[in-house]
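Have the sequence and the structure open as you read.

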Amino acid sequence: YKTADLLKFFETYNACRNVSYEVYQKEKPDLEFAFSIRPGLSFPALSTSDGVSNARNANFERSLAFRIGGELELAFSSKKVWTIFIEPTYSKYKRETEAVYPFSGTIENTIVSIKYQYIEFPIGVRRYLQLGDKSKLFANGAFIFDSPFNSYITFQRGNETLLNGFLKIQPNLNFAAGVGYSYQDQLVIEFRYHSPKNILN
């Protein structure tokens with residue numbers, strides 16, 4: 001017999017005898033989708049290292065950058081304890097710094113500029129902890145696929161771009177972990193750490 005056959009038999013039997021009854025069934029997981037807008041602020045720092053002649057070493061101080069994206073979250077039950085999410089996010093990092101390099105026996109000041117705009121694709125897992133009817137904490141982890149476009153680093157001395165002074169930024173992969181607080185599934189604040197990444201290969 002299948003479960004459906006037995007349920008039908010006992011329901012018919014109890015209905016014929018005019019007896020009240022209750023059906024006990026294991027809850028089936030219900031897939032639940034949620035979409036939210038995810039603006040945010042990041043505090044990136046960046047450095048370049050030649051590794052051979054130190055001719056293209058530069059350090060950009062940590063600074064504020066804006067990010068905007070959308071998150072699609074998939075829950076496997078109405079209790080929403082474990083979820084999977086994907087969060088495409090656009091970010092832009094544009095900075096300039098001054099470095100000093102030896103050139104033809106003299107010391108030259110060089111302006112190092114970076115333009116780094118990219119779309120990140122975090123794919124991860126989230127765990128919720130209910131605090132009450134309206135509030136909950138959560139923790140998550142994600143792998144991030146980074147897709148930069150129109151992004152590069154240049155080395156400029158006066159009006160001259162140095163030979164081999166144009167470095168194209170490449171796609172890369174890194175990891176993120178975060179913790180946060182959610183109120184009524186409407187207001188969310190999260191602190192997230194991103195592991196370092198090598199954008200120049």
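Does serine 182 count as buried or exposed? At 3% relative accessibility, serine 182 counts as buried, because the cut-off for that label is under 20%. Keep in mind that this is a predicted model. Serine 182 sits in strand E12, which covers residues 172-183. Setting aside residues up to four places away in sequence, serine 182 touches Lys134, Ser135, Lys136, Phe138, Leu187 and Val188.

Glutamate 87 lies between strand E6 (82-86) and E7, while leucine 31 lies between helix H1 (3-16) and strand E1 (32-37).

| Residue | Relative accessible area | Class |
|---|---|---|
| Serine 182 | 3% | buried |
| Glutamate 87 | 1% | buried |
| Leucine 31 | 55% | exposed |

Leucine 31 is the exposed one, at a relative accessible area of 55%. Once neighbours within four places in sequence are left aside, leucine 31 is in contact with Leu74, Ala75 and Phe76. Take alanine 75: it is 44 residues away from leucine 31 along the chain, yet their C-alpha atoms are separated by 5.7 Å.

Just after H1, asparagine 18 takes a positive phi of about 55°.

In soluble globular proteins, nonpolar side chains tend to be buried together. The largest nonpolar core here has 15 residues, and Leu46, Phe60, Val112, Ile114, Tyr116 and Ile153 have the most contacts inside it. Strands E4 (58-60), E7 (89-103), E8 (106-130) and E10 (152-157) are the elements that give it two or more residues. E8 supplies the largest share, four residues.

Which residues does isoleucine 114 contact, leaving aside its neighbours within four places in sequence? For isoleucine 114 the list is Leu46, Phe60, Tyr93, Lys94, Arg95, Tyr152, Ile153, Ile169 and Ile199.

Note on methods. Residues are numbered from 1 along each chain as its sequence is written. This is a predicted model: local features need pLDDT of at least 70, side-chain atom pairs count only at pLDDT 80 or more; totals for chains, interfaces and linings use all residues. Side-chain values use heavy atoms; hydrogens and water are left out. A nonpolar core is a set of buried Ala, Val, Leu, Ile, Met, Phe, Trp, Tyr and Cys residues joined through side-chain atoms within 4.5 Å. Buried means under 20% relative accessible area, exposed over 50%, partly exposed in between (1.4 Å probe, protein chains only). Contact means heavy atoms within 4.5 Å.
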